[in-house]
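Reader: I am new to reading structures. Can you walk me through one?

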2 protein chains.
Amino acid sequence: MSTQLDMAFAALADPTRRAILAMLLEDDMAVTDVAEPFDMSLAAISKHLTILTKAKLITQEKRGRVKWCKIDPSALREASVWMQGFGQFEPVNLDAFERFLEQELHPDAP
Amino acid sequence: MSTQLDMAFAALADPTRRAILAMLLEDDMAVTDVAEPFDMSLAAISKHLTILTKAKLITQEKRGRVKWCKIDPSALREASVWMQGFGQFEPVNLDAFERFLEQELHPDAP
DNA sequence: ACCATCGTCAACCATTTGGTTGAATATGGC
DNA sequence: GCCATATTCAACCAAATGGTTGACGATGGT
């Protein structure tokens, strides 16, 4: 039972996957094009993209024979909300964070 | 060669470690007290705390025979800066993020 | 119809991860 | 000095991770 947050942070822990996200931030890309700059097999990149997709950090849509990858900020938003409670940078979204923290501490509460 | 960012995200990927951080957010704690609510050996918690320490998410200071654990937001700040570039929540610290992204894309540039 | 291209699947491998247990090492109290 | 408490160490284990290779299914171009 791995939560969305587990998957998001685990996905972000790998430098290859962060680099992929950085590339996709500039533009949507096909799998082959994502793989091109890396010194790694296409299959390996395909696995990384699957991990990013399951973590909801990207979405993939097949059009014709090419599969387009694009950033999906939904899980990142969740993770960022979780983090911002610790940082004391800017007190943004603190209400959402507190609800989230409360749920993490007491998962059985309503 | 694992970067600080790798370690921070990897540390955050584990729900036990996130729960520990949430506990430490309320107050500094000794290792034994951190371990108490978990259904897990003390040695396991000790390992988790080592991981959090190496990731610079907490600091540990031994006073007498008890080792006190406290939140250290430094690595979280770095990770949060990295993330905020993707989320488009609030445009905070975007300059820092762009420098960071640039370095991740082109590590050899000055 | 054929062939090249796009991407995944399956099997395998080495390493890391998250946990266990039991012994070992401080340190503090009496 | 002795005992309890606090924490880590070491050896081990199962499962997950990140990579490889080669075969395979789909799709598009000619």
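Author: We will look at the DNA contacts, then at a sheet. Keep in mind that this is a predicted model.

Reader: Which residues are closest to DNA strand D?

Author: Start with what lies within 4 Å. Here 21 residues surround DNA strand D. The closest are K47(A), H48(A), T32(B), S46(B) and K67(B). Sugar and phosphate make up 65% of the DNA strand D atoms that come within 4 Å of the protein.

Reader: Which atom of DNA strand D does the side chain of S46(B) approach?

Author: Look for pairs of polar atoms. A polar side-chain atom of S46(B) is 2.4 Å from a phosphate oxygen of DNA strand D. R65(A) reaches a base oxygen instead, at 3.1 Å.

Reader: Which element gives the most to the surface near DNA strand D?

Author: That is α4(A), with five residues. By class, this surface has nine nonpolar, five polar and seven charged residues.

Reader: Now the sheet. What is the strand order in chain B?

Author: Strands of a sheet pair through backbone hydrogen bonds, parallel or antiparallel. In chain B, three strands form an open sheet in the order β1-β3-β2, with antiparallel pairing. β1 and β2 of chain B are at the edges with a single partner each, so one side of each has no neighbour in the sheet. Six bridges join β2(B) and β3(B). T59(B) has K70(B) as its bridge partner in β3(B).

Reader: Which strands does α4(B) touch?

Author: α4(B) packs on the sheet and touches β2 and β3 of chain B. Its direction makes about 120 degrees with that of β2(B).

Terms used: Residues are numbered from 1 along each chain as its sequence is written. Chains are lettered from A and ligands numbered from 1 in the order in which they are written. This is a predicted model: local features need pLDDT of at least 70, side-chain atom pairs count only at pLDDT 80 or more; totals for chains, interfaces and linings use all residues. Side-chain values use heavy atoms; hydrogens and water are left out. A polar contact is a pair of N or O atoms within 3.5 Å; within protein, one must be able to donate a hydrogen and the other to accept it, and residues adjacent in sequence count only if both atoms are side-chain atoms. Helices (H or I, at least four residues) and strands (E, at least two) are DSSP runs, numbered from the N terminus. Ala, Val, Leu, Ile, Met, Phe, Trp, Tyr, Cys and Pro count as nonpolar, Asp, Glu, Lys and Arg as charged, and the others, Gly among them, as polar. Two strands pair if DSSP finds at least two bridges between them. Contact means heavy atoms within 4.5 Å. Axes are lines fitted to C-alpha atoms, for helices over the stretch in contact, and angles run from 0 to 180 degrees between N-to-C directions.
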